[in-house]
Amino acid sequence: MLTRTVMAAGLVAAGIAATPASAAAASAATESPEQVCGPGYHRVQDGHRAMKTREGAVFGHVYLMYDKRAGKNCVAAIKTAYRGSRTVTGASIEVRGGGRSEDVQRYRFYAETGHIDGSWKCVKYAGWTRDPDGRVEAWGGRNSWGNCGG
């Protein structure tokens with residue numbers, strides 16, 4: 001206890017404030033992909049990618065979600081950069097031998113594809129967002145077929 005008090009006093013004397021973990025979390029997305037897609041949807045294996053610019057900056061994350069009971073997929077593209085600003089943000093899913101769903105608009109927090117049948121079918125998915133000027137795009141997803149096992 002004495003060591004912690006001395007360290008804290010030393011940090012304050014040096015003008016260094018400890019940042020609580022909640023402050024860092026406040027800058028991250030507050031919506032989970034489970035909240036975006038709705039009840040019954042769960043993250044699937046190999047169903048998460050960062051949405052990155054060409055330079056490697058992360059603007060958010062895209063998640064492939066599945067509701068086993070309903071046999072449906074959903075994709076959530078959740079922004080971590082420019083949250084609260086309306087920027088072009090999109091999410092898409094394509095089901096092999098099935099349908100395709102895409103949602104692209106100027107969103108403040110996330111885009112979501114809606115629910116599409118994908119039971120026992122392979123899927124491709126993507127999410128993307130841009131900076132407020134529309135000049136820099138961050139993309140994430142999978143261009144190859146995967147998650148084929150129902």
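**Disulfides in the predicted model**

User: How many disulfides does a search of the whole structure find?
Analyst: A disulfide is a covalent bond between the sulfur atoms of two cysteines. In this predicted model, searching the whole structure gives a total of 2 disulfides.

User: Is the disulfide of C37 and C74 left-handed or right-handed?
Analyst: The sulfur atoms of C37 and C74 are 2.1 Å apart. The torsion about their S-S bond is about -80°, so this disulfide is left-handed.

User: Which parts does the pair C37 and C74 tie together?
Analyst: C37 and C74 form a disulfide. Because C37 belongs to helix 3 (residues 33-37) and C74 to strand 3 (residues 72-79), the pair joins parts 37 residues apart in sequence: helix 3 and strand 3.

User: Where in the chain do C122 and C148 lie?
Analyst: C122 and C148 form a disulfide with sulfur atoms 2.0 Å apart. This pair links distant parts of the chain, 26 residues apart: C122 is in the loop between strand 7 (116-117) and strand 8 (123-130), and C148 is in the segment after strand 9 (137-146).

User: Is C122 buried or exposed?
Analyst: Buried means under 20% relative accessible area. The relative accessibility of C122 is 11%, so C122 counts as buried.

Note on methods:
Residues are numbered from 1 along each chain as its sequence is written. This is a predicted model: local features need pLDDT of at least 70, side-chain atom pairs count only at pLDDT 80 or more; totals for chains, interfaces and linings use all residues. Side-chain values use heavy atoms; hydrogens and water are left out. A disulfide is a pair of cysteine sulfur atoms within 2.5 Å. Helices (H or I, at least four residues) and strands (E, at least two) are DSSP runs, numbered from the N terminus. Buried means under 20% relative accessible area, exposed over 50%, partly exposed in between (1.4 Å probe, protein chains only).
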